[in-house]
Amino acid sequence: MASKKITLIYPFAYGYIDFVVKELQNNPNITVTDIKTDSIKYTYPNKLVKIWNGVTKLFGRNIKKIYFNQQVLKQISEKQDIIFVIRPDLLDVSLLKELKQNSKIFIAYLYDSCKKYPRQLEIAHFFNEVYSYEKEDIKQYNFIETSNFIYDETLESEEIKFDIFNVSSYDSRIDEIDKVSTDLFNNGFTIYFVLFWFEKLTYPHLISTTEYLSLQETKKLISQSKAMIDIQRQDQKGLSFRTFESLGYRKKLITTNIAVKDYDFYHPNNILVVDSNHLKPEEIKNFLELKYVEISQNIINQYNVKNFTKKIFKL
């Protein structure tokens, strides 16, 4: 049997896509090319070149972009059966054209809505298939519906130290995250809220870090907590990885995303939907005391990385 050639191109994704790559690599009939775009960095040889690049940018020529495109294409030595791209809006039209020519099936996976990144819609026509988990975009633009996935189901037992755990990046949600953490703390909950940004930030109940929390560190904190809380961005209706971590690890989830109620794994003992502006402390306390209800393994399997990989890569 001829080996299926698959290339994945994606920016930093907290390590989630590494599980997809491993799943593909475990198949002896697949040759995988794994291109992490954030690892491609151009260094100016001297100040003169940097100044010259500033000048040429005015005329539409960018040395850094040319270098980036060359480094991506350099890793694709022959025509691929599938080229799979996350955040395609970050790529130049010239590179998209080359990639399309180098693949039998060209696939885009949109992590975010077209409202947040409008260019996703502008370049969608380059792709044979566009996957999204934003239902509005799926309905409006005929994208293919998918979801994030469960990447792990093994959680070692740890002593419970926290009622509620959260990890977020500094973005448009910051006021909401700050308010939620303050409300929970003031109502007697033991919380552990981690906030990532490239410089130290000061919020009364948020632990500021300038380094991404690894998936292993996140996993340990999940194990030490009764529940996780997911504070969804206003422009996002699709389910975040927090939802699938809670499902895979059999941990309770508090979320501001009401869309979770439409999924077959939803159970009120396991998932509590809240309004961040009107938190109900007694409701949350009662929820944390409810016994977790096991979800059928058949349902869980529908959302695991193996099933995600089968679907996207036609295995």
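In what order do the six strands of the open sheet run? The order is β9-β8-β7-β10-β11-β12, with parallel pairing. This is a predicted model, where local features need pLDDT of at least 70, side-chain atom pairs count only at pLDDT 80 or more, and totals for chains, interfaces and linings use all residues. Residues are numbered from 1 along each chain as its sequence is written, and side-chain values use heavy atoms, leaving out hydrogens and water.

**Sheet**
- Strands are DSSP runs of E, at least two residues, and helices are runs of H or I, at least four, numbered from the N terminus.
- Two strands pair if DSSP finds at least two bridges between them.
- β9 (207-209) and β12 (271-273) are the edge strands, each pairing on one side only.
- From one strand to the next, the twist averages 20 degrees.
- Strand β8 (residues 191-196) runs parallel to β9, joined by three bridges.
- F196 has T209 in β9 as its bridge partner.

**Helix pair**
- Helices α1 (residues 16-25) and α12 (residues 305-312) pack at about 70 degrees, their axes 10 Å apart.
- That makes α1 roughly perpendicular to α12 (angles of 65 to 115 degrees).
- Axes are lines fitted to C-alpha atoms, for helices over the stretch in contact, and angles run from 0 to 180 degrees between N-to-C directions.
- In α1, F19, V20, E23 and L24 meet V305, K306, F308 and T309 of α12, where contact means heavy atoms within 4.5 Å.

**Contacts of F265**
- F265 touches L239, T243, F244, L247, V260, I271, I295, I299 and Y303, not counting residues up to four places away in sequence.

Notes: Parallel < 35°, antiparallel > 145°, perpendicular 65-115°, else oblique.
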